[in-house]
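Here is a short report on how one protein model is put together. Please look at the sequence and the fold, then read on.

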Amino acid sequence: MAEPASIVVRRRLEWSDTDPADRWHYGVVLRFVESAEKELQDQLGITAADARWMPRVNLTVDYLGALHFGEVAETTLAVEHVGRASLRYAFTVARDRTTLARGTLTVVWIDAGTGRSTRWPDRLRAVLTGSGAAEG
């Protein structure tokens, strides 16, 4: 059985990503997830022209620990579910195998003309679910 698409990305917490207590600002998790999502899209051959029709509609995050300036985190992003028009990613952000944040990010595929959600193109569904390769 095919495995859904996933990726692990390592990033160091920069000074500009910290709060006055030297911990990560809560919004950093979203930037880490966005970075992982972009790398996953590149890996799968999903273009910027495709990605523009994939707006975010829901984000949930459970914060379980803190990352501090200079520490390296691993963001794991995996396709959890592909529906008719939506896609849910599951993610974790961890340091030394300790999960610091976890959650989900949901995006939808929208029709360029109407701006309404519509069925995923077969070529994108195939690469996201692991059932086929991107068309070149």
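Strand β3 (residues 72-82) and strand β4 (residues 86-95) are antiparallel partners, joined over eight bridges. Strands count as paired if DSSP finds at least two bridges between them. Helices (H or I, at least four residues) and strands (E, at least two) are DSSP runs, numbered from the N terminus. Thr76 has Thr92 of β4 as its bridge partner.

This is a predicted model: local features need pLDDT of at least 70, side-chain atom pairs count only at pLDDT 80 or more, and totals for chains, interfaces and linings use all residues. Residues are numbered from 1 along each chain as its sequence is written, and side-chain values use heavy atoms, leaving out hydrogens and water.

**The sheet and its helix**

The open sheet has five strands in the order β1-β3-β4-β5-β2, with antiparallel pairing. Its edges are β1 and β2, each of which pairs on one side only. From one strand to the next, the twist averages 20°. Helix α1 packs on this sheet and touches β1, β2, β3, β4 and β5. The direction of α1 makes about 130° with that of β1. Axes are lines fitted to C-alpha atoms, for helices over the stretch in contact, and angles run from 0 to 180 degrees between N-to-C directions. Contact means heavy atoms within 4.5 Å.

| Element | Residues |
|---|---|
| Strand β1 | 6-12 |
| Strand β2 | 56-63 |
| Strand β5 | 98-108 |
| Helix α1 | 28-44 |
| Helix α3 | 122-129 |

**Buried residues**

Buried means under 20% relative accessible area, exposed over 50%, partly exposed in between (1.4 Å probe, protein chains only). Among the residues that Thr75 touches are Ile7, Phe32, Ala36 and Thr92, not counting residues up to four places away in sequence.

In helix α3, the buried residues are Leu124, Ala126, Val127 and Leu128. Their cover includes α1, α2 (48-51), β3 and β4. Gly130 follows α3 and has a positive phi, near 80°.

**The nonpolar core**

A nonpolar core is a set of buried Ala, Val, Leu, Ile, Met, Phe, Trp, Tyr and Cys residues joined through side-chain atoms within 4.5 Å. The largest one has 32 residues. Trp24, Met54, Leu77, Leu87, Tyr89, Trp120 and Leu128 touch the most other members. At least two residues each come from β1, α1, β3, β4, β5 and α3. The largest share, seven residues, is supplied by α1.
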